[in-house]
Amino acid sequence: MQKTKTPDADVEISKFLSYVLRHKPEAIGLCLDSEGWAKVDTLLSLAADQGKTIAHEQLVKVVKQSDKKRFTLSADGLYIRAAQGHSTEQVNISFTPQIPPDVLFHGTAERFWESIRARGLTPGERHYVHLSSERETAMAVGKRHGEPVVLVVQAAAMVQDGFLFHLSENGVWLTREVPPMYIARCEG
Ligand code: HQG
């Protein structure tokens, strides 16, 4: 299926929202609550103060059209948050543990493989390791980093061994770490 290209201005707004809602809210003087929510009006007015003017309807359009549904608006439309991908310490979303599919996939770059094989998957700057139920999604994530490698994670075995998994609002499986014994390269 042909993908329609998102206009550059919308991509820029999406990147800006990812930056302030996942990583650096303080860059515009924004405070997120521990569940990651910010008031839309406050975010827009602080952004405008920094010379980044975004119309309210433009923000709503970007949220609705986000290919990965990166952002969630509250039911009343007054609040916004990033569904996952956080690194800011302001946020600690209270996910309910869920049982994942028996296997999950993680896309990474070839050059990280030796380190992952030795140390397992670690969250790095983010709060969680991001996993996908779809191999194709993992492949797309891996391509962001270079020559892609898809890893298979034995999620059922991890659950049996007491590891917790959470499903984000936009369908990304999250866990704190994946030790090497549960990881294999997905060949073919
Ligand atoms: C790698 C996107 C060496 C890991 C996607 C990854 C995702 C290790 C990189 C979301 C390692 C971190 C997150 C170890 C992990 N040694 N490298 N021990 N453990 N790594 O961007 O999962 O478009 O923080 O494999 O859809 O690539 O932003 O994580 O390659 O859901 O909305 O370290 O970002 O969504 O990279 O991507 P990232 P990710 P958005």
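Tyr 182 is buried, at a relative accessible area of 6%; buried means under 20%, exposed over 50%, and partly exposed in between, with a 1.4 Å probe and protein chains only. Before going on: this is a predicted model, where local features need pLDDT of at least 70, side-chain atom pairs count only at pLDDT 80 or more, and totals for chains, interfaces and linings use all residues. Residues are numbered from 1 along each chain as its sequence is written, and side-chain values use heavy atoms, leaving out hydrogens and water.

Now the aromatic pairs. Rings of Phe, Tyr and Trp (its six-membered ring) pair if their centres lie within 6.5 Å; planes under 30 degrees apart are stacked, over 60 edge-to-face, and the rest tilted. The count here is two aromatic pairs.

Take Phe 95 and Tyr 128: the ring centres are 5.9 Å apart and the planes stand at 80°, so this pair is edge-to-face. Both Phe 95 and Tyr 128 are buried.

Phe 163 and Tyr 182 also form an edge-to-face pair, with 5.6 Å centre to centre and 75° between the planes. Phe 163 is partly exposed, because its relative accessibility is 22%.

Last, the cysteines. Cys 186 is buried, at 17%.
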